[in-house]
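This report describes selected packing features of one protein model.

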There are 2 protein chains.
Amino acid sequence: MHYRPTDSQPLQPLMPFSGNPLDRASNFRDDDAWVAQQLAAPQSRFLWVSKLEILTHQAATPTLAWVDAEANRELDLESTPVLLGVRDGVAHFAVDVSAIEGPLERLGLQGAAFAEPRGLATTLPAGEAGIVAQARSLLDWHARHRFCGACGGETVPAMAGSSRVCQACGTHFFPRIDPSVIMVVWRDDRCLLGRRRGRPPGSFSCLAGYIEQGETIEEAVAREVQEEATVPVDAVSYEASQPWPFPSTLMIGCFAHAASEDAMADQLEIEEVRWFSRAEVRGALAGDPQTGLTIPAPVAIAHHLIRRWSELES
Amino acid sequence: MHYRPTDSQPLQPLMPFSGNPLDRASNFRDDDAWVAQQLAAPQSRFLWVSKLEILTHQAATPTLAWVDAEANRELDLESTPVLLGVRDGVAHFAVDVSAIEGPLERLGLQGAAFAEPRGLATTLPAGEAGIVAQARSLLDWHARHRFCGACGGETVPAMAGSSRVCQACGTHFFPRIDPSVIMVVWRDDRCLLGRRRGRPPGSFSCLAGYIEQGETIEEAVAREVQEEATVPVDAVSYEASQPWPFPSTLMIGCFAHAASEDAMADQLEIEEVRWFSRAEVRGALAGDPQTGLTIPAPVAIAHHLIRRWSELES
């Protein structure tokens, strides 16, 4: 078998919110003594998150603002720091400081502020947005899973925050990730895009939806395209994936070949579907206002899927 | 762009537990009047599930044993039927009858029995195992999410069982699916397989693991191979996916190219890793005992990934 670079996905941070450089230390995080040692270590780094916004240094090019164990202790937090991973021997944690009034003022931290993750995805240095994605998804999951689904008892973090355990019945819970499919539907030299309810005229993107129980990726793609646009799909190819931490989706990006041209929006999630030529899509990506077409910004995998499709030769 | 059959995945049921023929009726299931009508309709079909085992007709070739609305009413169940989907205008539901003592005896149902889903995946007619996967994952999720993670209040099924809602705080919950990666690691003419802790000597399979927060599919593949076998991966290609309803995993199958040959089992989940030549793998798949290698049965995507890799030309 030959190495197939065209089929294979390189591992560099291709997509916003990927490229997290931390070693997640999966083989260590259930070692309570090791975790306690890292929590107290002077070199350990803590990322504060308040109401799902991330502490960053304010600058032309923002960077994540880490605080040390001492600053973290001074806040006298009740919430448990959650291990993100290790880099160069230094443990990195995320900490939910939402319950603290004015944490920055209390510690006299200057030049730093809490920032909305979406805006950080394409402005942080490479890889740091991957840390943001991990931290936001994890802390949001902790906040929303304080009780046991099986018995209603209180749960507490375990394994350095990579799970929660019910104090009443002992059930373990792991953070959830919701796999979804997002696809460029294509046929001949055109692709089918959809305008979601509430989006302005001309604003189109990929069709997309969550995978359901008992479905393959390919089946989910075909079902969603059928539901949203009444178009039958006869072949699917995987292109790329992206973590999307709102709250914790794995976007699985595909190309879907349409078996027919007839398309009709479902009028529920999708208000309008339309076929666009490759030339129109290229024009829109180049910022040509004459196309009347707006596609999503580069923060979204939809942008990259549409761009990749537009760059294929007819 | 040309149609690329070699890259694209056909939509037929390639993998056990896929190929569900029902239309999931996503655009109807939040219509309570429509759902009530289907629940009462004489032609509607109900699949009984007891302790996660599925009611099937006992025969050389088993088939799913559906009961009608009347039989279902006679059980006087407290649990809400969960909509699976619609076929030829007929609604299909799954019903958890675990709380009923001897449901078959009570209704005098003969020739039918509750069967373990794993054994059904490769014996049911095409597509029926996809229904089993959907039903098992959905009912298991309902049983384990009776309370709200946010406030501890009681939840009740909503939208024909495609969600649950908290009666105290109104939060909506949707069934979870856990995306995981499973991969044939390869280099030159050999592939790297692992023997899980507790498996007998010679019993090898793909490396695998759950995707974590803030990861792409490709990053999860590289991380798992690094963690379980200390092998760096420099390229990943997607091959196929499979729903695995124990309880609700989406297996994302890939080929991963190893950047080096040095491999060492983590001694945690994986007790032994070993490189196998394509000839050895082909021998094992042909049932040759001389290879000393046993790979998973066809119920698992691992079998199909290893087989596909073995059939590639060197």
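The model discussed here is predicted.

Helix H7 of chain A covers residues 278-285 and helix H8 of chain A covers residues 301-311; their axes come within 9 Å and cross at roughly 130°. Angles of 65 to 115 degrees count as roughly perpendicular and those over 145 as roughly antiparallel, and H7(A) and H8(A) are therefore oblique to each other.

From H7(A), the contact involves A:Arg278, A:Val281, A:Arg282 and A:Leu285. On the side of H8(A), the residues are A:His303, A:Ile306, A:Arg307, A:Trp309, A:Ser310 and A:Glu311. Four residues of this contact are nonpolar, two are polar and four are charged.

**The loop between H7 and H8**

A:Pro296 is located in the loop that lies between H7 and H8 of chain A. Apart from its neighbours within four places in sequence, A:Pro296 touches A:Ala302, A:His303 and A:Ile306, as well as A:Phe204 and A:Ser205. A:Phe204 is 92 residues from A:Pro296 in sequence, while the C-alpha to C-alpha separation of the two is 7.5 Å.

**The sheet S8-S9-S10**

In chain A, three strands make up an open antiparallel sheet with the order S8-S9-S10. S8 and S10 of chain A are the edge strands, each pairing on one side only. Four bridges join S8(A) to S9(A) in the antiparallel sense. In one of the pairings, A:Ala158 has A:Ser163 in S9(A) as its bridge partner. Helix H5 of chain A packs on this sheet and touches S8, S9 and S10 of chain A; the direction of H5 makes about 10° with that of S9(A).

| Element (chain A) | Residues |
|---|---|
| Strand S8 | 155-158 |
| Strand S9 | 163-166 |
| Strand S10 | 172-173 |
| Helix H5 | 128-144 |

**Aromatic pairs**

Over all chains, 13 aromatic pairs are found in the whole structure. In one of them, the ring centres of A:Phe17 and A:Trp244 are 5.7 Å apart and the planes stand at 80°, so the pair is edge-to-face. The two residues are 227 residues apart and link distant parts of the chain: A:Phe17 is in the segment before helix H1 (32-40) of chain A, and A:Trp244 is in strand S14 (residues 233-244) of chain A.

Terms used: Residues are numbered from 1 along each chain as its sequence is written. Chains are lettered from A and ligands numbered from 1 in the order in which they are written. This is a predicted model: local features need pLDDT of at least 70, side-chain atom pairs count only at pLDDT 80 or more; totals for chains, interfaces and linings use all residues. Side-chain values use heavy atoms; hydrogens and water are left out. Axes are lines fitted to C-alpha atoms, for helices over the stretch in contact, and angles run from 0 to 180 degrees between N-to-C directions. Angles under 35 degrees count as roughly parallel, over 145 as roughly antiparallel, 65 to 115 as roughly perpendicular and the rest as oblique. Contact means heavy atoms within 4.5 Å. Ala, Val, Leu, Ile, Met, Phe, Trp, Tyr, Cys and Pro count as nonpolar, Asp, Glu, Lys and Arg as charged, and the others, Gly among them, as polar. Two strands pair if DSSP finds at least two bridges between them. Rings of Phe, Tyr and Trp (its six-membered ring) pair if their centres lie within 6.5 Å; planes under 30 degrees apart count as stacked, over 60 as edge-to-face and the rest as tilted.
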